[in-house]
Amino acid sequence: MIPLETTGATRRFGDFTAVDRADLVVDAGEVVGLLGANGAGKTTLMRMLLGLLAPSAGTVRLFGRTPDREARRRIGYVPQGLGLYRDLTGSENLAFVAGAYGVPAAVPAEGGDRLVGRLPLGTQRRIAFDAALQHTPDALILDEPTSGVSPLARARLWEQIRGAAAGGAAVLVS
């Protein structure tokens, strides 16, 4: 079964077509990149895969089925805005996400005892990435996970991405 798949996926917002007949397959152990300018539909396609937006036409499949709660539990997602609570510490953010998945919380390499809103962007991205990985997902959907971070932090995140794929996860990254 293919972890992430779209066939002719289209999403319209009124008269505007954000995604037009997208075909995509991301298999286990594979890293696939979505490239395109701002407004090209990358985030919209990812949101359709997650079941957060319904396609206007075409099909979207997570693990061979229409995205649903059970399929989404197998996904690690890092949204463009990171999805962290700025008024919680790094450790509290990880504990919150771990609780949703019923797994032990990861321990952040740095920033665990500080409010996320006061951490450098690179540290925030690393915590968001740790949150997405702590339940050992079968697929990762990463929306610009290295945007705005230093070259060293970017290299570390790509090591984690390659490690997840080497462990069998399907990875979609914009």
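In what order do the three strands of the open antiparallel sheet stand? The order is β2-β1-β4. A second open sheet holds four strands, in the order β3-β7-β6-β5, with parallel pairing. This is a predicted model: local features need pLDDT of at least 70, side-chain atom pairs count only at pLDDT 80 or more, and totals for chains, interfaces and linings use all residues. Residues are numbered from 1 along each chain as its sequence is written, and side-chain values use heavy atoms, leaving out hydrogens and water.

**Terms for the elements**
- Helices (H or I, at least four residues) and strands (E, at least two) are DSSP runs, numbered from the N terminus.
- Two strands pair if DSSP finds at least two bridges between them.
- Axes are lines fitted to C-alpha atoms, for helices over the stretch in contact. Angles run from 0 to 180 degrees between N-to-C directions.

- β2 (16–26) and β4 (57–62) stand at the edges. Each has a single partner strand, so one side of each lacks a neighbour in the sheet.
- Neighbouring strands of this sheet are turned by 25° against each other on average, direction ignored.
- β1 (residues 4–13) pairs with β2 over seven bridges, in the antiparallel sense. T6 stands opposite L24 in β2.
- α1 packs on the sheet and touches β1, β2 and β4 (contact means heavy atoms within 4.5 Å). The direction of α1 makes about 120° with that of β1.
- T44 is found in helix α1. T44 has a relative accessible area of 14%, so T44 is buried (under 20%; exposed is over 50%, partly exposed in between, with a 1.4 Å probe and protein chains only).
- Leaving aside neighbours within four places in sequence, T44 is in contact with R11, F13, A18, V19 and L53.

**The parallel sheet**
- β3 (31–33) and β5 (75–78) stand at the edges. Each has a single partner strand, so one side of each is left without a neighbour in the sheet.
- Neighbouring strands of this sheet are turned by 10° against each other on average, direction ignored.
- β3 and β7 (residues 170–173) run parallel and are joined by three bridges. V31 stands opposite V171 in β7.
- Helix α4 (residues 121–133) lies across β5 and β6 (139–142). α4 runs at about 165° to β5.

**Helix packing around α4**
- α3 (residues 90–101) and α4 pack at an angle of about 20°, with their axes 9 Å apart. That makes α3 roughly parallel to α4 (angles under 35 degrees; over 145 is roughly antiparallel, 65 to 115 roughly perpendicular, the rest oblique).
- The contact is made by G90, L94 and V97 of α3 and I127, D130 and A131 of α4.
- Those residues divide into four nonpolar, one polar and one charged. Ala, Val, Leu, Ile, Met, Phe, Trp, Tyr, Cys and Pro count as nonpolar, Asp, Glu, Lys and Arg as charged, and the others, Gly among them, as polar.
- The axes of α4 and α5 (residues 151–166) come within 11 Å and cross at roughly 10°. That makes α4 roughly parallel to α5.
- R125, R126, F129, D130 and L133 in α4 meet R156, L157, Q160, I161 and A164 in α5.
- The residues of the contact of α4 with α5 divide into five nonpolar, one polar and four charged.

**N38 in a loop**
- N38 lies in the loop between β3 and α1 (42–49). N38 counts as exposed, at 74% relative accessibility.
- N38 and V107 are 69 residues apart along the chain. Their C-alpha atoms are separated by 34 Å.
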